[in-house]
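Please open the model in your viewer and keep the sequence panel beside it, so that each stop can be selected as you read.

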Amino acid sequence: MAFPAVASAQGLAFFMYNKPYLTICDQIELLLSRGMVVEDRPKAAEYLQRIGYYRLSAYWHPMRERDPNSGLVKDAFVRGTTFKEATDLYTFDGRLRLIMLDALERLEVSLRTEVAYA
């Protein structure tokens, strides 16, 4: 079990992870057991090794089933969910972030110039 440190006003606080360590192969098996379609296992392993399970989990979170009564998110995926859809969403998010940062930089430079010559 890991003991990650969390900074707080009182100093460092430690807590335990309750989830066991999973190898990349175990992570793929977990996704398969929850209904995700993984068409290219070597490519999925590469993504998991390079990006990480928990970083990618944010991108497949919307693809998880919800309890119809409570609306709570279940561990199972919506039928037909693919690993590629999650990685495509990850790639799209990265590209969109770069476009937005570029636009923000141009806006900042323009505004700074306008203020300087005002």
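The tour below goes through a predicted model, one selection at a time.

Begin with glutamine 27, which you will find in helix H1, the stretch covering residues 24–33. Is this residue buried or exposed? Its relative accessibility is 12%, and because buried means under 20%, glutamine 27 counts as buried. If you leave aside residues up to four places away in sequence, the residues that glutamine 27 touches are Leu22, Leu48 and Tyr53.

Turn next to charged side chains. Side chains of opposite charge can pair when their charged atoms come close, and a search of the whole structure finds 8 salt bridges.

Select glutamate 46 together with lysine 43, whose closest N and O atoms are 3.8 Å apart in a salt bridge. The two sit 3 residues apart in helix H2 (residues 41–50), so about one helical turn separates them. Glutamate 46 is partly exposed at 40% relative accessibility, and lysine 43 is partly exposed as well, at 37%.

Now move to helix H4 (residues 83–116) and select lysine 84 and aspartate 88, which are 4 residues apart, about one helical turn. Their side chains meet in a salt bridge of 2.9 Å, N to O, and aspartate 88 is partly exposed at 40%.

Stay in helix H4 for aspartate 102 and arginine 106, again 4 residues apart, about one turn of the helix. Their salt bridge is 3.0 Å, N to O; aspartate 102 is partly exposed at 34%, whereas arginine 106 counts as exposed at 57%.

Finally, select Arg34, Arg64 and Asp75, which salt bridges with shared partners join into one network.

Terms used:
Residues numbered from 1 in each chain as written. Predicted model: local features only at pLDDT ≥ 70, side-chain atom pairs only at ≥ 80, totals over all residues. Heavy atoms only, no water. Buried < 20%, exposed > 50% of the residue type's maximum accessible area, 1.4 Å probe, protein only. Contact = heavy atoms within 4.5 Å. Salt bridge = Lys/Arg side-chain N within 4 Å of Asp/Glu carboxyl O.
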